Amino acid sequence: MSQNQMEQLRQFSYLIGEIDAVYHEIYLRQGISDSVGKILYTICCNGGRQPLNEICRTMGLSKQTANSAIRKLEAEGSVYLESIDGKSKMVCLTPHGIHLAEETVLPVIEMEKRIYRSWTQEERQGYMDLTEKFLRDLLEKSREITERGSL
């Protein structure tokens, strides 16, 4: 790998970390944890209710982390759980949870929408295409690591 490619890889990793840090700082200033913010975010993006397993999958949270945050939100009266079938649960916002989301994650979602709308169609498509390509390649290479035990 060339020096330029290594520098670009470092910059890419730095940018991912900085993006995560911005969201962390937003949630910290709002008095909620990152996991609570992620849970509220995904529920808000899905009409105020979301299957628990989908929250874990789409937000990259472990079941333990998600369950802990959901128990906290339940204790505050912000969410309640509905049984989907014998095993699965739906996480639903209460009126208190809707208010909490309006104060915390909905401004974040609106901020993201404004940024996204400020980009040209070509910029949006390019960003999505490259991000999806990176994810596909990352998944493929990660499988190779777990199957062979190395890169």
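1. I16 lies in helix 1; helices here are DSSP runs of H or I with at least four residues, strands are runs of E with at least two, and both are numbered from the N terminus. I16 is partly exposed, with a relative accessibility of 38%. On this scale, buried means under 20% relative accessible area, exposed means over 50%, and partly exposed falls in between (1.4 Å probe, protein chains only).

2. The model is predicted: local features need pLDDT of at least 70, side-chain atom pairs count only at pLDDT 80 or more, and totals for chains, interfaces and linings use all residues. Residues are numbered from 1 along each chain as its sequence is written, and side-chain values use heavy atoms, with hydrogens and water left out.

3. I16 belongs to a nonpolar surface patch of about 640 Å², together with M1, M6, L9, F12, F134 and L138. Patch residues have over 30% relative accessible area and no salt bridge; nonpolar side chains (Val, Leu, Ile, Met, Phe, Trp, Tyr) are joined within 5 Å, like charges within 9 Å. A salt bridge is a side-chain nitrogen of Lys or Arg within 4 Å of a carboxyl oxygen of Asp or Glu. Areas come from the Shrake-Rupley method with a 1.4 Å probe; for residues, only the protein chains shown count as cover.

4. Which elements give two or more residues to the nonpolar patch? They are helix 1 (3-29) and helix 7 (121-148). Helix 1 contributes the most, with four residues.

5. There are three aromatic pairs in the structure. Rings of Phe, Tyr and Trp (its six-membered ring) pair if their centres lie within 6.5 Å; planes under 30 degrees apart are stacked, over 60 edge-to-face, and the rest tilted. W119 is partly exposed at 30% relative accessibility, and Y127 is partly exposed at 43%.

6. Y116 joins W119 and Y127 in a cluster linked by ring pairs. The charged end of R124 sits over the ring of Y116, 5.4 Å from its centre; this requires NZ of Lys or CZ of Arg within 6 Å of the ring centre and within 35 degrees of the ring normal.

7. How many disulfides does the structure hold? The count is zero, where a disulfide is a pair of cysteine sulfur atoms within 2.5 Å. The sulfur of C44 has its closest cysteine sulfur in C45, at 6.9 Å, so it is too far for a bond. For C92 the closest is in C44, at 12 Å, also too far. C44 is partly exposed at 21%, whereas C92 is buried at 1%.
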